[in-house]
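Please have the viewer open as you read.

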Amino acid sequence: MTSSRPGMTRIEAGASQGPQRRRALEIALAVGLVLLISVGAVVASAVSRESNASATSGAPTGPASELKLGYFGNITHAPALIGVNEGFIKNNLGSTKLSTQVFNAGPAAIEALNAGAIDATYIGPNPAINSFVKSKGESISIIAGAASGGAQLVVKPEIKTAADLKGKTLASPQLGGTQDVALRAWLGKQGYKTNPDGGGDVAINPTENAQTLKLFQDGKLDGAWLPEPWASRLVLQAGAKVLVDEKDLWDGSQTGKPGEFPTTILIVNKKFAAEHPETVEGLLKGHVEAVKWLNDTPAAEKASVVNAALKKDSGKALQQNVIERSLNNIVFTVDPLAGTFKKLLQDGVDAGTTKQADLTGIFDLRALNTVTRDKISAAGLGQD
C-alpha cells in the first residue's frame, strides 16, 4: 500500500489477504468518520441558521451595546432635554452607550428611525401614525407619552378671525408633521381647502422653525402653527398674536382630560425593542425620572435648567419671558393619551397626509406600566 493524496488510500494487486481485511476495516472506519463529520456539519449549519433566524426575527439578545436616541430642540421635548443633559437616561442604561441626534421635525426623525440611524425618538404623534400605517404595523411602537399642549396658531395682529385667512400664507414645521396636520385639519373645519403642494384657499409652506421666525419678522408669512418655544418667540419677539390655542380644540371626550392632547410621545423601533427589552426599560426609567423632575421642580429652576439644555443643543438660550411662557403652556406626562389617536389619524386622512388604517398594535405600554407601577391605558390600540 502506498499513500497518494492525503485522505485517500490506494490498494495494489498481489497484497496478502490479511492486510486487505485490515485495510477494508480502515476504509470502513474512515467512511464512518467522514459521515459523522458530515452529519455534524449539517447539524451545526442548522443550528447556525436557527440562531441567525432568531436574531433577525427580533428574539431577545440582551442589552444593546448602544442606544441611538433622537429628539427636537423644542420645549415640548423637555423630557428629552432633561433626560439627556441631566443624565437620567444614561444613568439607567447600565453599560449601554447613549448617543443622540437632534431633529427639526417628525418626518425627518422617522426617516432616520426606519433607516436604522436611530433606535428610538421623541416625536409628535402624526409622524408616528404615518410610519405605523405605511409599514403595516411593523416599524414602530409607542412606548410612552412625554408632553401635552404647547402648540398654537399665531398670526399677524390684523388677522382677527378664521375668515381673514383666505389667500394668506401660513407655515408649519414640516409636511405631515403633527402641527402641519393640526393646521390643515383645523382649516378644513373652517371651510378652507389646502393642498400638500402649497396650493388651495390658504397656502401652507412647511418651513424650518428658525426660518419661520425670520420670515414672519420680514413680513413674508401671515402666521404659523408651531410648537413651543416657537409660538412664544413669534408672540414675544415678532409681535404675533394667538388665533388658536390647540388645547381649546380638545374637549376631553377621548381621554377624560379636557385640554390635553399629545404633542410629544416616545417611540422605539419595533425590532430593536424585541431584541433589547432591558435597554428599552432603562430608557423608560430615565424618561419617567425626567418627567417627574419637570413636574416637581420649582418654575424658576426648571426654566433655568431647560434653557441651559437648549443652549447646549442649539447654541443659544431663550429669553426669560419666552421660556417661562412656553413652559406654562405645556403639561409633561408619560401618558400618551391613547384615546386621542383615532381622531389624530382621521385628521391626517382629512389633511391628505396619511391613509385610513387600523391602529391596533401601535402601543406597547407594558414596560412603561412596569416602571411606573401604574395602568396607563392603550385605549384598545395595543398592549398595556
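The notes below cover a helix pair and then a loop residue.

## About the model

This is a predicted model, in which local features need pLDDT of at least 70, side-chain atom pairs count only at pLDDT 80 or more, and totals for chains, interfaces and linings use all residues. Residues are numbered from 1 along each chain as its sequence is written, and side-chain values use heavy atoms, with hydrogens and water left out.

## Where α8 meets α12

Let's begin with helix α8 (residues 230–238) and helix α12 (residues 320–328), whose axes come within 9 Å and cross at roughly 140 degrees. Helices here are DSSP runs of H or I with at least four residues, and strands are runs of E with at least two. The axes are lines fitted to C-alpha atoms over the stretch in contact, with angles from 0 to 180 degrees between N-to-C directions.

On the α8 side, the contact (heavy atoms within 4.5 Å) is made by Ala-231, Ser-232, Arg-233, Val-235, Leu-236 and Gln-237. Asn-321, Val-322, Arg-325 and Ser-326 are the α12 partners.

## Around α8

Trp-230, Ala-231, Ser-232, Arg-233, Leu-234 and Val-235 of α8 are buried (under 20% relative accessible area, 1.4 Å probe, protein chains only). Their cover includes β7 (151–155), α7 (209–217), β10 (223–227), β11 (241–245) and α12. Just after α8, Gly-239 has a positive phi of about 80 degrees.

## A loop threonine

Thr-297 sits in the loop between α10 (277–296) and α11 (299–314). Thr-297 is buried, at 11% relative accessible area. A polar atom of its side chain lies 2.5 Å from the backbone oxygen of Trp-293.

Technical notes:
Buried means under 20% relative accessible area, exposed over 50%, partly exposed in between (1.4 Å probe, protein chains only). A polar contact is a pair of N or O atoms within 3.5 Å; within protein, one must be able to donate a hydrogen and the other to accept it, and residues adjacent in sequence count only if both atoms are side-chain atoms.
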